[in-house]
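Let us take some of them in turn.

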Amino acid sequence: MAVEEQKEALLKKHYYENCPGCKVEKLKESQGGLPIRELFSIWIVVLCNALPISSLFPFLYFMIRDFHIAEREEDIGYYAGYVGCSLMLGRAFTSVLWGVVADRYGRKPVIITGTIAVVIFNTLFGLSVNFWMAIAMRFLLGSLNGLYGPIKAYATELFREEYQALGVSTVSTAWGIGLIIGPALGGYLAQPAEKFPSIFSKESVFGRFPYFLPCLTISFFALVVCVASCWLPETLHMHHANSELDEPREDVETASLEAGVKCKMQNVKGKAPKKSLLRNWPLMSAIIAYCVFSLHDMAYSEIFSLWAVSPRQYGGLSYTTEDVGTVLSISGAGLLIFQTCLYPYMDRLLGPILVARICGLSVFTGLFLLQNKAVDQDQRGAANGIAMTAMSLFKAAGPAGGGTLFSWAQKRQDAAFLPGNQMIFFILNVVAAIGVLMTFKPFLVERHY
């Protein structure tokens with residue numbers, strides 16, 4: 001074959017007839033304009049899976065108090081930390097497994113399974129009657145919900161290249177908003193028999209289980225999303241031995257042809273050996289920086305809620321759960337505006353690394369992009385699984401360490417150096433500063449094609 005003909009064949013995309021990933025690629029080529037429906041689909045799926053993570057923080061202090069497991073009020077934060085970290089600990093054990101499942105069987109099954117886990121175990125958590133049941137339900141919820149890693153890969157695969165930053169921004173925005181709306185729901189809807197006695201009596205199920213209503217509300221929303229997720233397209237390329245191309249092509253050398261196909265449709269025999277993910281420094285540097293910011297994010301979320309509702313005599317604000325919900329709702333509105341309106345333009349202008357340095361609030365979006373661009377499609381599920389495992393361990397350490405730190409700080413109100421809660425927020429600032437330093441070279445690097 002002539003050199004010109006080979007070049008033409010290499011530049012031409014070929015799609016397999018029964019491959020769901022190829023169908024998505026063809027659809028992307030024919031689409032024009034902003035993919036609003038796809039953006040909304042990802043946004044709503046991520047939102048319903050993010051809501052349970054932090055919805056318990058406004059009422060966790062009171063839940064632990066009602067379990068009567070803490071001998072002193074200053075010890076409540078210690079036990080609250082273990083309940084707060086159990087979900088992330090469960091997720092750490094299974095994230096790599098869910099990533100492998102997503103790479104082998106598709107992103108869609110993992111998305112649906114994770115959403116079903118929210119429906120079941122978040123409901124049971126609201127019905128917890130003791131400390132150990134609460135920990136068990138949160139642990140199982142984390143173990144069976146492996147959605148967050150694959151959904152990031154899904155967001156980069158579902159959109160054309162010019163909208164990938166917006167797609168990943170949608171994931172991080174929905175996740176961030178879920179971490180804000182979740183506590184707001186928990187704050188407004190917890191203890192309904194005390195707040196709305198004319199609607200909920202103390203003898204009703206919501207009176208006997210004062211933290212069931214916010215959990216039930218989130219679970220019902222997840223059930224609706226779970227049903228709607230059945231119509232999501234699958235983006236994973238599945239090329240079997242008996243698959244046929246949906247359009248004729250000339251017989252060119254397989255290895256050369258497949259190397260030029262943009263969507264990585266390679267023949268199994270002609271695949272080049274993949275680089276080890278653990279030796280992929282652009283990937284690992286992004287994951288490590290991501291873990292540090294995750295530790296700070298989760299520790300801050302729990303500490304703020306515990307600090308806000310704790311008594312003034314221990315340095316707290318004596319807020320009600322409703323007050324905490326109001327504060328977090330206002331914060332969420334600001335985050336939503338920034339992520340949806342400003343971040344995609346800043347990413348195109350400055351790049352994800354520089355944006356991450358300038359504004360820590362959007363650091364997760366930039367790191368998501370770096371992680372997914374550091375590997376090819378058939379490794380994205382596993383790569384995000386590794387990221388989720390590491391992140392989950394750090395996020396598990398956040399509430400556990402934060403709760404312990406909070407209890408310790410409440411006992412040192414008269415200390416000479418950084419008394420009480422001043423020490424807590426000083427340590428949180430140090431962790432955030434370390435994370436920012438990690439966004440500079442030679443630590444954090446971007447993959448170059």
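Q: What makes a residue count as buried, and how much of the protein does that cover?
A: Buried means under 20% relative accessible area. By that cut-off, 55% of the 449 residues in the protein are buried. The model is a predicted one.

Q: How many helices and how many strands does the protein have?
A: There are 19 helices and zero strands.

Q: What share of the contacts joins residues at least 24 apart in sequence?
A: Among contacts between residues at least 6 apart in sequence, the share is 79%. A contact here means heavy atoms within 4.5 Å.

Q: Why is helix 3 called largely enclosed?
A: Of its 19 residues, 14 are buried, so the rest of the structure largely encloses helix 3.

Q: What span does helix 5 have, and what is expected?
A: Helix 5 has 30 residues and reaches 43 Å from its first C-alpha to its last. The expected value is 44 Å, and the span is close to it.

Q: Where does helix 5 bend, and by how much?
A: The bend is at Thr94 and is about 50°. That angle lies between an axis fitted to the seven residues ending there and another fitted to the seven starting there.

Q: What follows just after helix 5?
A: Gly106 does, with a positive phi of about 120°.

Q: What makes a space inside the protein a cavity, and how many reach 30 Å³ or more?
A: In a cavity, a 1.4 Å probe fits but cannot get out. One cavity of 30 Å³ or more is counted by this rule. The largest cavity has a volume of about 30 Å³.

Q: Which residues line the largest cavity?
A: The lining is made of Asn49, Pro52, Ile53, Leu87, Arg91, Val118, Leu141 and Asn145. Helix 3 (36-54) and helix 5 (76-105) are the elements that give two or more residues to it. The largest share, three residues, comes from helix 3.

Q: How does the lining of the largest cavity divide by class?
A: Five residues are nonpolar, two are polar and one is charged.

Q: Why is Ser392 called buried?
A: Its relative accessibility is 0%, and the cut-off is under 20%, so Ser392 counts as buried. Ser392 sits in helix 18 (residues 377-410). Leaving out residues up to four places away in sequence, Ser392 touches Met88, Arg91, Ala92 and Ser95.

Q: Is Ser310 buried or exposed, and what does it touch?
A: At 0% relative accessibility, Ser310 is buried. Ser310 lies in the loop between helix 14 and helix 15 (321-350). Beyond its neighbours within four places in sequence, its contacts are Tyr61, Gly316, Leu317, Ser318, Phe406 and Gln410.

Q: Why does Phe200 count as buried?
A: Its value of 18% falls under 20%, so Phe200 is buried. Phe200 is in the loop between helix 10 (192-195) and helix 11 (205-208). Residues up to four places away aside, Phe200 touches Pro192, Ala193, Phe206 and Leu213.

Q: What makes the phi of His68 worth a note?
A: Most residues other than glycine have a negative phi. The phi of His68 is near 55°, a positive value in a residue other than glycine. His68 lies in the loop between helix 4 (57-67) and helix 5. Exposed means over 50%, and His68 has a relative accessible area of 69%, so His68 is exposed.

Q: What phi does Ser318 have, and why is Ser318 called partly exposed?
A: Its phi is positive, about 60°, although Ser318 is not a glycine. Ser318 is placed in the loop between helix 14 and helix 15.

Note on methods: Residues numbered from 1 in each chain as written. Predicted model: local features only at pLDDT ≥ 70, side-chain atom pairs only at ≥ 80, totals over all residues. Heavy atoms only, no water. 1 Å grid on protein atoms, 1.4 Å probe; cavity = no way out; pocket = protein on both sides within 12 Å on 5 of 7 lines; lining within 4 Å. Points joined across faces, edges and corners; volume = space filled by probe spheres on them. Helix = DSSP H or I, 4+ residues; strand = E, 2+ residues; numbered from the N terminus. Nonpolar A, V, L, I, M, F, W, Y, C, P; charged D, E, K, R; others polar. Expected span 1.5 Å × (residues − 1). Buried < 20%, exposed > 50% of the residue type's maximum accessible area, 1.4 Å probe, protein only.
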